[in-house]
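I open the notebook on a structure I have not looked at before. I will take it one topic per entry.

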Amino acid sequence: MASSMNRRRFQPNNRRTKTIPTINDTETTSTLSHEIFNECEKLKQKILSLPNGKSEIWLYRQELLDQYDQLILFDLDFALEKKIEHDLWTIVFKNEISYKQEQLKENHQHQIKRTEIQTSLQALYEYARGYYMKLLQDVVHSYSFETSICKLTFPFLQRHPQSSNSNRQCKEASMLYFIQHILVHVGDLNRYSNQIDLAKTFYQYAIYTIPCLGQPYNQIAILHEMKNPLSLITPGQNQLITAYYYVRSIAIKVTFPLAIANLEKLFQRLKDLPLSRYEQQQQQQNEFLTLFLQIIAMINLETNLEELPLFINLFRTLIIKHFNQIYFIQIITILMFTLHRTLGLLPRSTTFKQPDVQFDFALQIFILIIEQCLEAIQLPLSMMVIDEQHILPILYLTFAYLGNIFKSKMDLFEHQVFKQKQSMWNSLAKLLRSFGVHAANLEMNKDKNLTTGSLFIKYGDYPLTEERALECFTPLNDVLKVYNLKKYDHNSTTSEHLSEKDERQLRKLRLVAILRNLCQKIDEKTKKKVFEHLITYVKDDVVYFESSSSPTIPQVPSSNFGVPGDRRTFQKSSNDETRIYNSNGTVVKTPRGARNVALRQFLEPAMAAAESASKDHLMNPSNSSNDTILFPPPPHLLEQSNTWPQLSSSSSSSSTEPKDLFQPQSLDNESRFNSVWSTNNDSNDQFSFQASTSSPQQILAPGLMFSNPLTKNNSKQQPK
C-alpha cells in the first residue's frame, strides 16, 4: 500500500478525476456546487485530524485536490466565496511544505537524511508548480477568459475548440483574483526553490493583473530581504527596495496586514546604527541609502528624535553626490508614505505619540530633496552632474503630492520650512520660466478639437512613466485616478504611446499647471491665497513665475541667445487661428533660445563680458584714421556720463581722481588688451568681429574658437 502511494504521490496525471457536471443537468448549479463543497469539507476535516507524516494523509489530499478542481472549474464564483483557493494552497501544499522544511532544519547534522528530505521537497515544489500552471490554463479555457496577462504567462496559449463546458460564466473580478492568486503562489514556489528571478517575474505578473492588492508587493519585499549571494545590488539598495515594496503593500486599496509588521521589523534593525558609520564612508551609495532608511525608521518608531537633526544634516550633504533617478523615486515614495502616516491617513500597528514632530521632520527631508535637486540644475554647465530631465520626474511627483495633501492639511504651505527656503523658490521660478509654456496650452478651448490641441489637453489621461510605476499608490490617488492605464497599456501593441520627447514636454506642462493652480488657489474662509511663495502671471500668452520674496524683474529685450535677464521676448501671432500644429497636436513656435537653466548661466557671463569689452573699445577715441566705429554710444548715455562706472587712474599717474570713461585716454600698444570685439585697421575688412593681429586665435565664446583668425588672407574679400 505504501509503495503504491509513493509511486502515485507526485504524478498529476494519475489522480482520480471525476467528470465535471454540465449546467444542463437536472440539478441546478447551486445545488451541485453545495454538494461538491460538502464533500470537500469532509475530506478537509479528515486531513486536519491526522498528524503530518502519516502515510494515508496524502491520499486524502489527492482526493481533496480532485474535488477542488471540480468546484473551481464548475462554479468559480461560489468557490471563491467559500475561500476554496486559500484551503487549496494551505491544506494541500503549504502544510506539507512547512512540515518538510522543519524536518530539514532538525536533521541538519544527518547528511543522508537531509539529502532525502531535500529531494522530496524539490519534487513537491515541481509538482505544485505544474499543478497550478495546469489549473490556470484549464480555468482560462473553461470560462473562455483570455487577457493580456494570460498571453504574457502563456505565449503558446491557444483557444480550445467549443465544447459543452466552454459556455461557463463567472465574474471578471473573480477570474482576475484567481489568476493573481495562482501567480503569487507559483512565485512562492519558485522562491522556495531559490529561483529568485523567476519568482520576481511571477510576482510582477500578479501586480499587473490586479495592481490594487497588496500581497504581491509584500512578496517582492520578502524576496529582496533574503540574502542572495548572486545578487548584483548592494545591501543598502536591497534595504531600500525592501522598504519600498512594504510601503506599496500598505499604502494601497487592499492592504496586506503582514506588511505592516514586516516593515516595522526592518525599521527596528536600522534605528540604532551610529552616525560615525556614515561619516567614515560618505562616498558609498550603499551607506547613503541606509542613512536615509535609518532617518525614516527613527521618525516612524519615534526613537532618538533629539539626534535626528545630525543625521538630516549629513543626509543633506550627500544627496547630489549619490543621485540616482530610480532610487530617488523610491525615496520620495517612502517619504510620501511617512507624511501620509503622520496625518493618520494610513494604517499602522500603534498610534503616534508626537505626530506633529514627526510630520515636521518628514516634511523637512521632503523639501530638502527638492531644494538640492533645484540647486543641482542651477550649477554652471562645466560643474553640472545631473541633467534637468532626470530631476523633473522627482520635482513633478513632489509637487503633485503637495498639491494633493493640501486638501487634508489646509495650513501646509504656512509651515516654517517653506518660508525658510527663499532661494529654492527663486530657483524653481527660474526653472519654470525656462519652459516657456503658453497659457493657451494649459486651457481647454471649446472651439477646438481635442485631436488638434496641445499635449496637455490631448493626453490629459496619459500616465507618465513615474505615475505608471506608482499605480494605486494611496497618497497619489486623486492624481492617478484621472489616468486611463488600460488605454495606454505598455504591454499592448495596439495602445498609443508617446515618444520620449513628447512625454518630457507633457511633464513640463503638468508641472507648470500644478504650480499655477497652487498660486491661484484662494482660501474660501479667509479669502487669501493659500500659496504665497510664488507669483504667476501671463505676458504675451506665456506663463511666467516669480518668487514672492524677490522684486519683479523689468522686461529686458532678448539677444540672439535669449539670455540677458533670463527674460525672453516671445512673438505671438495676433490671431490664434494662424497657429500651426504639428502631427502630435502641439503648437509650432518660433525658437526662443536655450532653455537649459545651467546653459543660460554659462552663456550669461560670456555675453556680459563681450558686451562690456565692445563698449570699452567703442568709447575709446584713440583709433587710427582708418578705424570705423560700428556701434557709437547712444546720445542719451553720453549726456549722462556720470551714471557710468569710473575707471581709476593708472599707477604711474600722479592724479588720484577717477577718469571718465568718455574722456580721451592714451593707451600704448603694449598695454592695449586684445578684445574679442576689436576692429581691424584695414577698412577693407568688412567683418564686424575681427581678431587682433597679435592674437593667434579668434575666441568667439568660452570653449569655441577657429583654428585660424578671420582675416582677409583666409576670408573672402569684399570689392572696394
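**Entry 1: a pair across the chain.** I start at Asp 478, which is partly exposed, with a relative accessible area of 35%. The model is predicted, and I keep that in mind throughout. I looked for a charged partner. Asp 478 forms a salt bridge with Lys 407. The closest N and O atoms are 3.6 Å apart. This pair links distant parts of the chain, 71 residues apart. Asp 478 lies in helix 23 (residues 477–480). Lys 407 sits in the loop between helix 18 (388–405) and helix 19 (416–419). I checked the surface at Lys 407 too: this residue is exposed, with a relative accessible area of 56%.

**Entry 2: other salt bridges.** How many salt bridges does the structure hold? I find 21. In general, side chains of opposite charge can pair when their charged atoms come close.

I looked up Arg 129 next. Its side chain meets that of Glu 126 in a salt bridge, at 2.2 Å from N to O. Both residues lie in helix 6 (residues 111–142). They are three residues apart, about one turn of the helix. Is Arg 129 buried or exposed? Arg 129 counts as buried, at 9% relative accessibility. Glu 126 counts as partly exposed, at 46%.

Then I went to helix 24 (residues 500–520), which holds both Glu 503 and Arg 507. These two form a salt bridge, with the closest N and O atoms 3.7 Å apart. They are four residues apart, about one turn of the helix. Glu 503 is buried, with a relative accessible area of 10%. Arg 507 also counts as buried, at 7% relative accessibility.

I also noted a network of salt bridges. It links Arg 61, Glu 96 and Lys 100.

**Entry 3: cysteines.** How many disulfides does the structure hold? I find zero. Cys 212 is in no disulfide. The nearest cysteine sulfur to it belongs to Cys 472, 5.2 Å away. Cys 40 is buried, with a relative accessible area of 1%.

**Entry 4: the largest pocket.** I looked up its volume. About 1500 Å³ of space lies in the largest pocket. The pocket is lined by 41 residues. Which of them are closest to its centre? They are Tyr 208, Arg 468, Ala 469, Glu 471 and Leu 485. Helix 9 (residues 196–209) gives the most to the lining, with five residues.

Entry 5: I turned to the strands. Strand 1 (residues 534–539) pairs with strand 2 in the antiparallel sense, over six bridges.

How much of strand 2 is buried? Six of the six residues of strand 2 (residues 542–547) are buried, so the strand is largely enclosed by the rest of the structure. In a regular strand the side chains alternate between the two faces of the sheet. I checked each side. Val 542, Tyr 544 and Glu 546 are buried on one side. Val 543, Phe 545 and Ser 547 are buried on the other. Both faces of strand 2 are covered.

Note on methods:
Residues are numbered from 1 along each chain as its sequence is written. This is a predicted model: local features need pLDDT of at least 70, side-chain atom pairs count only at pLDDT 80 or more; totals for chains, interfaces and linings use all residues. Side-chain values use heavy atoms; hydrogens and water are left out. A disulfide is a pair of cysteine sulfur atoms within 2.5 Å. Buried means under 20% relative accessible area, exposed over 50%, partly exposed in between (1.4 Å probe, protein chains only). A salt bridge is a side-chain nitrogen of Lys or Arg within 4 Å of a carboxyl oxygen of Asp or Glu. Helices (H or I, at least four residues) and strands (E, at least two) are DSSP runs, numbered from the N terminus. On a 1 Å grid over the protein atoms alone, a cavity is a set of points where a 1.4 Å probe fits but cannot get out, and a pocket is an open set with protein on both sides within 12 Å along at least five of seven lines; lining residues have an atom within 4 Å of a point. Grid points are joined across faces, edges and corners, and a volume is the space filled by probe spheres set on the points. Two strands pair if DSSP finds at least two bridges between them.
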